[in-house]
Amino acid sequence: MKKSISKTEAKEKIEKFFEREDFNSEEVRKIKRLAMKYNIKLGKNRKSFCRKCLSKLTGKIKVDRNYKTVICGSCGFKNRFRISTE
């Protein structure tokens with residue numbers, strides 16, 4: 001029987017995970033599923049990994065008027081983030 005954790009414990013686990021410098025795609029997949037299970041928003045942490053391959057997001061950065069585009073160094077996927085105009 002699996003031990004269930006509370007939403008606050010899950011939130012602490014997610015915050016502790018993103019404080020680390022290095023992580024792999026399998027760990028990101030597990031943390032992402034944990035956040036979905038307890039309906040926890042990742043917020044700014046979503047920008048630290050690729051949306052396609054879930055690896056650490058490093059690569060070329062391009063800034064347009066409304067979007068910041070980061071091209072993943074491992075898979076080549078273009079991750080686009082909206083720039084707020086406030």
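Begin by selecting Phe-17, Phe-18, Phe-23 and Phe-49, which ring pairs link into a cluster. Rings of Phe, Tyr and Trp (its six-membered ring) count as a pair if their centres lie within 6.5 Å; planes under 30 degrees apart are stacked, over 60 edge-to-face, and the rest tilted. The model is predicted: local features need pLDDT of at least 70 and side-chain atom pairs pLDDT 80 or more, while totals for chains, interfaces and linings use all residues. Residues are numbered from 1 along each chain as its sequence is written, and side-chain values use heavy atoms, with hydrogens and water left out.

**The aromatic pairs**

The structure holds 4 aromatic pairs. Show Phe-17 and Phe-18: their ring centres are 5.1 Å apart and their planes stand at 80 degrees, so this pair is edge-to-face. Next, show Phe-18 with Phe-49, whose ring centres are 6.2 Å apart with planes at 20 degrees, so this pair is stacked. Phe-18 belongs to helix α1 and Phe-49 to the loop between α2 and β1, so the pair ties together parts 31 residues apart in sequence. Helices (H or I, at least four residues) and strands (E, at least two) are DSSP runs, numbered from the N terminus. Both Phe-18 and Phe-49 are buried; buried means under 20% relative accessible area, exposed over 50%, and partly exposed in between (1.4 Å probe, protein chains only).

**The largest core**

Now select Ile-14, Phe-17, Phe-18, Val-28, Ile-40, Leu-42 and Phe-49, the members that touch the most others in the largest nonpolar core, which has 14 residues. A nonpolar core is a set of buried Ala, Val, Leu, Ile, Met, Phe, Trp, Tyr and Cys residues joined through side-chain atoms within 4.5 Å. Helices α1 (7-19) and α2 (25-37) are the elements that give two or more residues to this core.

**A separate core**

Centre the view on Cys-50, in the loop between α2 and β1 (59-63). Cys-50 is buried, with a relative accessible area of 0%. Its C-alpha atom is separated by 9.6 Å from that of Gly-76, 26 residues apart along the chain.

**The surface**

Where is Ile-83 found? Ile-83 is in the segment after β3 (78-82). Ile-83 is partly exposed, with a relative accessible area of 31%.
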